[in-house]
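Reader: Hi! Could you walk me through this one?
Author: Happy to, here it is.
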Amino acid sequence: SRDWMSDVCSSDLMFTMSMFDVNRYAFVSQLIPYEIYNRCYLNIVAQTEYFAYKHVIFPTEKVAKPLIAGQPFLVYAPVPGFLKYLKSQGFKTFDPWIDESYDEVELAHLRATSLIDSVNQFAQQTTETKLQILTEMQEVCDHNRRLATDPAFLLAPIVNIILERFS
């Protein structure tokens, strides 16, 4: 009997994408393992800590994946306010169903503990309740997917910079 990591790493699951035709030279960080995502209720994202000392919120591919995949998520970020930032950009989060107060906790280790508490609260629900919650979340997931895959939305910041500098 092999462990789950062996199954994942030795299978085609890591290279399954329903939105893009990926060639054999693609980086694994660019792939969305839909078959794995489809077996999970939530995606727990750990954002990069590189800019934490500057208190910079810098979304990466780690949070883009559940947005594009249309999956509910929680985000551990190096600074507080990451979910608030996502909302300011037009995305929706899952605060009606998941306690997102962890996102405002100042100290990183306490923010992580609070996020774990939120996951545990969700996990303690019955399977039936979790499935009902996922059904209720679907509209938010669909909204996020539409926004995260909208070329006009994605290019707007670049276009705005160009217009500001060359107008």
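Reader: Which helices each supply at least two residues of the lining of the second largest pocket?
Author: Those are α3 (61–69), α4 (82–88) and α7 (151–166). Helices here are DSSP runs of H or I with at least four residues, strands are E runs of at least two, and both are numbered from the N terminus. Before we go on, this is a predicted model, where local features need pLDDT of at least 70, side-chain atom pairs count only at pLDDT 80 or more, and totals for chains, interfaces and linings use all residues. Residues are numbered from 1 along each chain as its sequence is written, and side-chain values use heavy atoms, with hydrogens and water left out.
Reader: How much space lies in that second largest pocket?
Author: About 360 Å³. Its lining has 17 residues, and Pro-59, Leu-86, Phe-91, Phe-153 and Leu-154 are the closest to the centre. A pocket is an open set of points on a 1 Å grid over the protein atoms alone, where a 1.4 Å probe fits, with protein on both sides within 12 Å along at least five of seven lines; lining residues have an atom within 4 Å of a point. Points are joined across faces, edges and corners, and the volume is the space filled by probe spheres set on them.
Reader: And what is the lining of the second largest pocket like by class?
Author: It has 15 nonpolar residues, 2 polar ones and no charged ones. Nonpolar covers Ala, Val, Leu, Ile, Met, Phe, Trp, Tyr, Cys and Pro, charged covers Asp, Glu, Lys and Arg, and the others, Gly among them, are polar.
Reader: Switching topic: how many aromatic pairs are there?
Author: The count is 3, taking rings of Phe, Tyr and Trp (its six-membered ring) with centres within 6.5 Å; planes under 30 degrees apart are stacked, over 60 edge-to-face, the rest tilted. In one of them, Phe-73 and Phe-94, the centres are 5.3 Å apart and the planes at 90 degrees, so that pair is edge-to-face. Phe-73 sits in strand β2 (residues 73–76) and Phe-94 in the loop between α4 and α5 (108–123), 21 residues apart.
Reader: Is Phe-94 buried or exposed?
Author: Buried, at 1% relative accessible area; buried means under 20%, exposed over 50%, and partly exposed in between (1.4 Å probe, protein chains only). Phe-73 is also buried, with 1%. Another edge-to-face pair is Phe-91 with Phe-153, 5.5 Å centre to centre and 90 degrees between the planes.
Reader: Where do Phe-91 and Phe-153 sit in the chain?
Author: Phe-91 is in the loop between α4 and α5, Phe-153 in helix α7, 62 residues apart.
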